[in-house]
Amino acid sequence: MNRLGLLSGSAIVACIAAAGTSACAQERRTFDIPPGAMGDALHVFAAQSGEQIFFSGALVAGVRSPGLRGRYASADGLNRLLAGSGLTWSRTRPGVFVLVRGVGPQGADLGTEVEEVIVTGSLLRSSGDLASPVVILDRDALDRRGFATVAEALTALPQNYAGAATPIVQTANADPGGSNNVYATGVNLRGLGPTSTLTLVNGRRLAGTGSRGEFADISALPSAAVERVDVLLDGASALYGADAVAGVVNVIMRRSFDGQESRLRVSAAQGGAEDVLVSHLAGRTWSSGAAYLSWEHQDTNGLSSYDRPYTADGDLRPFGGTDRRFIYGTPGNIVTGNAPQFGIRPNASGMAQGAGDFVAGVGNLQSTTLGADLLPAIRRHSGYGRVSQSIGDRLEVTADLRYSRRAHALTGPASVGVFTVNRSNPWFVSPTGAASHSVSYSFLRELGGTRLSGVAESLGATLGLRYEFDNAWSVDAYAAFGREHSDFGVYNRVHSRFLNEALGTIPDDPATPWRAAVDGYFNLFGDGTVNSRAVLDFIGVGYSEAENLSRAGSVNVLAQGPVFRLPGGEVEVAVGALARKETFEARAGVFAATAAFASTTLPGRERSITALFAEARIPLVGPENGRPGLRGLELSLAGRVEDYDDFGTTTNPKVGIVWSPLEGLGVRASWGTSFRAGSLPQIFDAQGAGATTLTRADGSRALALLLIGGNTGLTPETAETFTLGLDYRPRGGPTFSANYFETRFTDRIGRPANENLAIALSDPAFSPFVRFVSPSTNPADLALIESYAGLPGFSTLFPINTYAVVVDTRWVNTGAVDVRGFDLSGRYGMPFQGGELRFDTAASWILDYDTRATPTAPVRAVAGTLGFPVKLRARSGVGWSRGDLRLSAHWSYVDDYRDRLGVRIDAWNTADLQASWSPSAGSLAGLQVNLTVQNLFDADPPFYDAPTGYGFDAGQASLLGRGVALQLIRRW
């Protein structure tokens with residue numbers, strides 16, 4: 001772990017950009033800063049000095065600045081700017097100041113070096129400039145964007161691809177991973193998968209969430225207690241171990257807080273998704289320690305697919321797309337295989353009673369997701385507490401505890417299926433005189449949609465200590481525990497065995513109270529209004545439930561300090577060791593096809609990991625031996641050896657170099673290897689089966705049997721990463737950062753056919769995982785399907801002879817990814833109309849994103865293709881602040897791209913506005929009011945002709961439309 005500034009309150013970065021070089025030479029600069037609010041004065045100071053400044057929003061609330069005019073060295077000028085405020089500064093590394101509360105009168109010599117810092121990207125506290133790019137989102141940046149939570153802010157990062165591990169892609173059936181059944185939010189840097197981005201809290205791992213416990217849920221964190229978020233855009237297994245392939249997200253909580261802070265945020269969009277967030281933070285500091293407690297509550301209403309025209313009914317032809325409705329309707333259809341032969345057209349009685357009540361060759365079509373919710377209703381409680389205490393001058397003990405409980409509820413797709421009915425049912429009627437028929441049918445009109453609900457609980461605790469020695473060495477040690485527990489279920493499902501009993505297809509079951517001849521038969525030939533409540537209650541009792549429990553515990557020790565001095569400065573090293581244990585347990589059950597509840601308990605699985613790691617920072621050229629063209633040159637070396645008891649040992653190195661040719665210009669480069677171990681469910685999951693409908697190469701639909709399960713032969717995924725960056729920060733001028741990145745990812749653990757179900761039957765690359773069958777005509781195929789009938793999850797809603805293809809979606813090591821691109825960012829501030837005018841921009845530009853689904857498959861260039869990052873995402877804007885007022889406007893851009901058939905999906909442009917008012921005097925001092933309008937012009941997401949019948953891509957655009965949010969923050 002690396003450490004950069006454990007600050008009191010929420011850090012605000014004046015120059016938010018990829019971390020880079022910035023000189024700190026004490027040359028005199030010209031300052032012209034008018035008197036006014038301290039926060040505004042500090043922003044102007046940062047722009048005119050070219051320095052980065054971290055300060056707490058709470059720290060400067062209500063504080064006035066006398067202003068600053070004249071020529072001063074940065075440190076002297078900052079002291080004058082802070083004169084009489086009770087604030088002082090600390091320096092964490094060259095060009096970076098941190099504001100802290102002063103302990104005595106302000107003076108010219110109050111600036112000191114920070115002893116404990118947290119900088120993501122290094123194990124060393126005094127990290128200097130980093131070789132890897134880091135984006136910093138502080139408390140003020142989060143508030144300026146108008147987001148309710150840290151999760152929303154990270155989802156909107158240009159480097160993040162939101163096409164996996166978010167609630168909307170789960171409900172829209174757009175997540176190929178499909179493990180997010182608790183509607184959590186993960187981070188998916190570079191689109192390499194949420195499992196390839198390591199998420200930390202204060203540098204410590206979280207337990208995994210979802211049905212496989214494989215990614216961290218950032219929505220479980222109380223955002224009011226967050227100081228800042230560091231996003232390391234580089235592989236870092238040499239520093240942090242497994243999963244740090246695409247990068248690392250380190251959520252840094254506030255170290256201390258003195259006083260109280262209350263927050264209220266309300267927001268709404270058209271048709272629903274109203275959101276209310278309330279939080280309170282209370283803390284106290286004393287001479288040798290601090291403690292605080294934060295609590296947050298959020299209520300979010302759901303959003304129905306009925307509330308958007310392009311998701312309402314599955315018929316996308318009015319938008320230039322395809323009719324995505326299927327044969328499962330009410331009324332139903334007589335089918336052969338998956339093709340409708342006759343559409344049932346009930347007469348005035350509400351049911352078909354003769355051959356005239358059928359239409360040959362014309363089906364009754366209906367979307368299988370009709371009426372389903374696209375956003376769940378969420379109720380969340382989150383809490384975080386921290387206490388720190390110094391014992392003497394050398395020892396500090398810290399402890400923290402976090403807890404979150406998130407409940408979700410939503411309406412899911414209604415039960416559908418193909419059912420056999422014969423003359424034993426008194427409602428049976430045939431247009432051809434046949435003795436039986438297969439009828440496709442939807443229960444939406446009679447039972448409504450399925451009901452999905454669940455609860456996810458997250459718990460984390462750490463106990464740490466830090467001891468300082470006389471020789472500038474220190475030892476940090478901590479023990480951490482994390483637990484993620486989830487219960488979820490799907491209710492109001494059709495019980496297929498009870499339905500067959502009510503249809504008369506099977507004899508009355510003595511184990512049930514139903515007697516069809518007495519209590520009534522189910523009528524498949526009606527319009528959804530003719531069946532009695534009693535029969536509907538009998539068949540609609542089906543449900544499924546699951547419970548997951550993921551735990552992680554670790555002990556970590558890290559020693560660091562200087563070892564010797566070179567002409568360029570002190571050589572510092574950090575060495576450490578770790579022991580970690582991970583466990584995963586799961587229980588699932590279903591009452592939908594058997595007379596009794598069928599439950600499956602997977603044996604608890606666990607793994608133990610030990611690691612040794614080290615880092616060295618070697619300043620070859622520094623202030624004492626620098627010269628023109630070579631003001632600084634620093635080398636960093638890191639390595640980590642990890643031993644897993646289930647697959648063996650892996651070693652990962654990392655090398656970095658930082659070169660400063662002249663003041664304000666820095667060049668950096670890094671190279672390293674990373675890895676990801678398969679999750680415990682990916683290795684040990686029981687074998688099972690499922691059913692879905694897929695599209696053949698000729699466009700027809702086929703009922704597919706999906707084989708699922710783990711693979712004990714999995715080996716780790718491996719990656720090689722390289723970055724090359726340039727940071728230009730002249731004093732008082734615009735700042736600019738450019739970063740080239742390349743990641744080569746091999747032996748990826750995946751389910752190639754499952755991740756490409758839309759084209760699995762038509763793309764030859766997936767033929768090793770696909771077998772076409774015809775059980776109605778081929779006895780061998782019939783025997784094959786029957787051999788899978790005993791697997792958990794095998795659906796009895798469809799006759800065995802209607803399956804047309806078997807698709808193997810079990811986990812395998814297969815395929816590779818090679819992604820290359822640039823990250824760009826810039827910022828410029830200037831005095832304007834008595835305040836400061838700021839321009840900023842950030843973009844992620846993908847040059848190439850090449851994938852190979854299997855070792856024998858051809859390489860596919862998928863940058864700008866559905867299911868992968870677009871070639872360009874950008875956000876640019878302008879802001880103006882003066883006194884107590886701050887205004888900003890930003891434009892966000894998502895590049896156009898292609899769907900799997902090569903059809904263009906348009907670019908998406910949105911505009912956001914925010915006004916912020918923070919009175920610095922009077923009775924309202926300490927109050928902050930933020931008004932945010934997102935998607936000002938109410939731009940619909942670009943149309944996508946999705947097979948699901950939802951006419952948008954949840955991974956690249958939001959369907960909320962214009963949203964308005966009002967936030968009140970009061971510091972007491």
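**Entry 1. Gln682**

I began at Gln682, where a polar atom of the side chain lies 2.9 Å from the backbone nitrogen of Ser679. I note at the outset that the model I am reading is a predicted one. I placed Gln682 in helix 12, residues 680-684.

Setting aside residues up to four places away in sequence, I found Gln682 touching Arg212, Glu214, Arg676, Gly710, Asn711, Leu714, Ile749 and Trp811. With Glu214 there is also a polar contact, side chain to side chain, at 3.4 Å. For Leu714 I looked up the separation: 32 residues in sequence, and 8.2 Å between the C-alpha atoms of Gln682 and Leu714.

**Entry 2. Asp315**

I turned to Asp315, which sits in the loop between strand 17 (303-304) and strand 18 (333-336). With a relative accessible area of 13%, Asp315 is buried. Its side chain is joined to that of Arg317 by a polar contact of 2.8 Å. Apart from neighbours within four places in sequence, I found Asp315 in contact with Thr322, Asp323, Arg324 and Arg325. I also checked Asp315 against Arg493: the two are 178 residues apart in sequence, and their C-alpha atoms are 25 Å apart.

**Entry 3. Ser442**

I located Ser442 in strand 25, residues 436-442. Ser442 has a relative accessibility of 2% and counts as buried. Which backbone atom does the side chain of Ser442 reach? I found that it reaches the backbone nitrogen of Leu444, at 3.3 Å. Leaving out neighbours within four places in sequence, I listed Tyr328, Gly329, Thr330, Gln366, Ala414, Ser415 and Val416 as the contacts of Ser442.

**Entry 4. Helix 1 and helix 3**

I looked up how helix 1 (residues 38-49) lies against helix 3 (residues 74-81). Their axes come within 11 Å and cross at roughly 165°. Angles over 145 degrees count as roughly antiparallel, so I recorded helix 1 as roughly antiparallel to helix 3. The crossing of the two helices is right-handed. On the side of helix 1, I noted Met38, Ala41, Leu42, Phe45 and Ser49 making the contact; on the side of helix 3, Ser74, Gly77, Leu78 and Leu81.

**Entry 5. Strands 16, 22 and 23**

I followed strand 22 (residues 377-391) to its pairings. Strand 16 (residues 289-300) pairs with strand 22 in the antiparallel sense over twelve bridges. Within this pairing I found Asp299 opposite Arg379. Strand 22 also runs antiparallel to strand 23 (residues 395-411), and 15 bridges join these two. Here the bridge partner of Gln389 is Val397. Strand 22 and strand 23 form a hairpin with three residues between the strands, and Gly392 takes a positive phi near 75° there.

I examined strand 31 (residues 632-644) for its two faces. Which face of strand 31 is covered? I recorded Gly632, Glu634, Ser636, Ala638, Arg640, Glu642 and Tyr644 on the covered face, with Leu633, Leu635, Leu637, Gly639, Val641 and Asp643 on the uncovered one. In a regular strand, side chains alternate between the two faces of the sheet.

Strand 31 runs antiparallel to strand 30 (residues 598-621), to which twelve bridges join it. Leu633 of strand 31 is the bridge partner of Val621. Strand 31 is also joined by 13 bridges to strand 32 (residues 648-662), again antiparallel. Glu634 stands opposite Val658 in strand 32. Strands 31 and 32 form a hairpin, with three residues between them.

Lastly I traced an open sheet of four strands, ordered 34-35-40-39, with mixed pairing. Why is one side of strand 34 and of strand 39 left without a neighbour in the sheet? Strand 34 (688-695) and strand 39 (770-772) stand at the edges, and each has a single partner strand, so one side of each has no neighbour. From one strand to the next, I noted an average twist of 25°. Strand 34 pairs with strand 35 (residues 701-708) in the antiparallel sense over eight bridges. Thr693 stands opposite Leu703 of strand 35.

Methods:
Residues numbered from 1 in each chain as written. Predicted model: local features only at pLDDT ≥ 70, side-chain atom pairs only at ≥ 80, totals over all residues. Heavy atoms only, no water. Pairing = 2+ DSSP bridges. Axes fitted to C-alpha atoms, helices over the stretch in contact; angles between N-to-C directions. Buried < 20%, exposed > 50% of the residue type's maximum accessible area, 1.4 Å probe, protein only. Contact = heavy atoms within 4.5 Å. Polar contact = N/O pair within 3.5 Å; in protein donor to acceptor, adjacent residues only side chain to side chain. Parallel < 35°, antiparallel > 145°, perpendicular 65-115°, else oblique. Left-handed = near helix turned anticlockwise from the far one by under 90°.
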